[in-house]
Amino acid sequence: RTEARRLLSAIHLARREAIQRNVPVTLCPSAMVRPGEAECDGVYADGWIMFSNRARDRVVDADDELIKVFNGLPPGYSLTNRAATRDENQLITYYPDGTAHRNRTLMICSRKSADIPSWSVILNIVGRPRIARDWGDCPSP
């Protein structure tokens, strides 16, 4: 639950920053937890970054601003799509009107036991995020 709330807070911040800055703001997977060159690569479980994204792509360009860097999930957790068929790696982009233009569910599971209920961060088409418990089946450990 704690990790789902941390991801939810990052998503709320991205939405707020897009509205305040009046430019698209993106969350993307990145293991960049120390200073270095920001790039979108890997999966959210390893960490993610938030940046202004005027080009709406997977690249932190020279005119984009790196807003925040987030640590990945602790060992023993996974972050997948709701069907648990793949690790989540797609961009989450908010536009200046506060919308994300896409439905999505990011499910956090324990790798210790499939019996432990999942926690999911759910985004609706207009960009409203929320969390839900047991909203999908976790992959087998």
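This is a predicted model: local features need pLDDT of at least 70, side-chain atom pairs count only at pLDDT 80 or more; totals for chains, interfaces and linings use all residues.
Residues are numbered from 1 along each chain as its sequence is written, and side-chain values use heavy atoms, with hydrogens and water left out. Helices (H or I, at least four residues) and strands (E, at least two) are DSSP runs, numbered from the N terminus.

**Disulfides**

- How many disulfides does a search of the whole structure find? The search finds 2.
- C28 and C40 form a disulfide with their sulfur atoms 2.0 Å apart, and an angle of -85° about the S-S bond makes this link left-handed.
- This pair links distant parts of the chain, since C28 sits in strand β1 and C40 in the loop between β1 and β2, 12 residues apart.
- Both C28 and C40 are buried, where buried means under 20% relative accessible area, exposed means over 50%, and partly exposed is in between (1.4 Å probe, protein chains only).
- C109 and C138 form a disulfide with their sulfur atoms 2.2 Å apart, and the link of C109 and C138 is left-handed, with -85° about the S-S bond.
- Distant parts of the chain are linked by this pair too: C109 lies in strand β6 and C138 in the segment after β8 (129-133), 29 residues apart.
- C109 is buried, and so is C138.

**Nonpolar cores**

- A nonpolar core is a set of buried Ala, Val, Leu, Ile, Met, Phe, Trp, Tyr and Cys residues joined through side-chain atoms within 4.5 Å.
- The largest nonpolar core has 26 residues, and those with the most contacts inside it are I11, L27, L79, I92 and Y94.
- At least two residues of this core come from each of α1 (2-21), β1, β2, β5 (92-94), β6 (104-110) and β7 (119-123).
- Which element supplies the largest share of this core? The largest share, 8 residues, comes from α1.
- Leaving out residues up to four places away in sequence, I11 touches L27, I92, Y94, L106, V121, L123 and P129; contact means heavy atoms within 4.5 Å.
- A second, separate core has 7 residues, including M32, A38, C40 and L91.

**Helix α1**

- With 20 residues, α1 reaches 28 Å from its first C-alpha to its last, close to the 28 Å expected at 1.5 Å a residue; the expected span is 1.5 Å times one less than the number of residues.
- The buried residues of α1 are E3, A4, L7, L8, A10, I11, L13, A14, E17 and A18.
- An α-helix has 3.6 residues a turn, so residues three or four places apart point the same way.

**The open sheet**

- An open sheet is formed by 4 strands in the order β3-β2-β1-β5, with antiparallel pairing; two strands pair if DSSP finds at least two bridges between them.
- The edge strands are β3 (66-71) and β5, each pairing on one side only.
- Antiparallel β2 and β3 are joined by 5 bridges, and M50 stands opposite K68 in β3.

- P29 is found in strand β1 and is buried, with a relative accessible area of 0%.
- Beyond its neighbours within four places in sequence, P29 is in contact with E39, C40, D41, G42, V43, Y44, G47, W48, R58, N89 and Q90.
- P29 and L73 are 44 residues apart in sequence and 12 Å apart in space, C-alpha to C-alpha.
- D41 lies in the loop between β1 (25-29) and β2 (47-52) and touches P29, S30 and A31, not counting residues up to four places away in sequence.
- D41 and N89 are 48 residues apart in sequence, yet 7.8 Å apart in space, C-alpha to C-alpha.
- The contacts of S78, leaving aside neighbours within four places in sequence, are L73, M107, I108, C109, R111 and P139.

Conventions. A disulfide is a pair of cysteine sulfur atoms within 2.5 Å.
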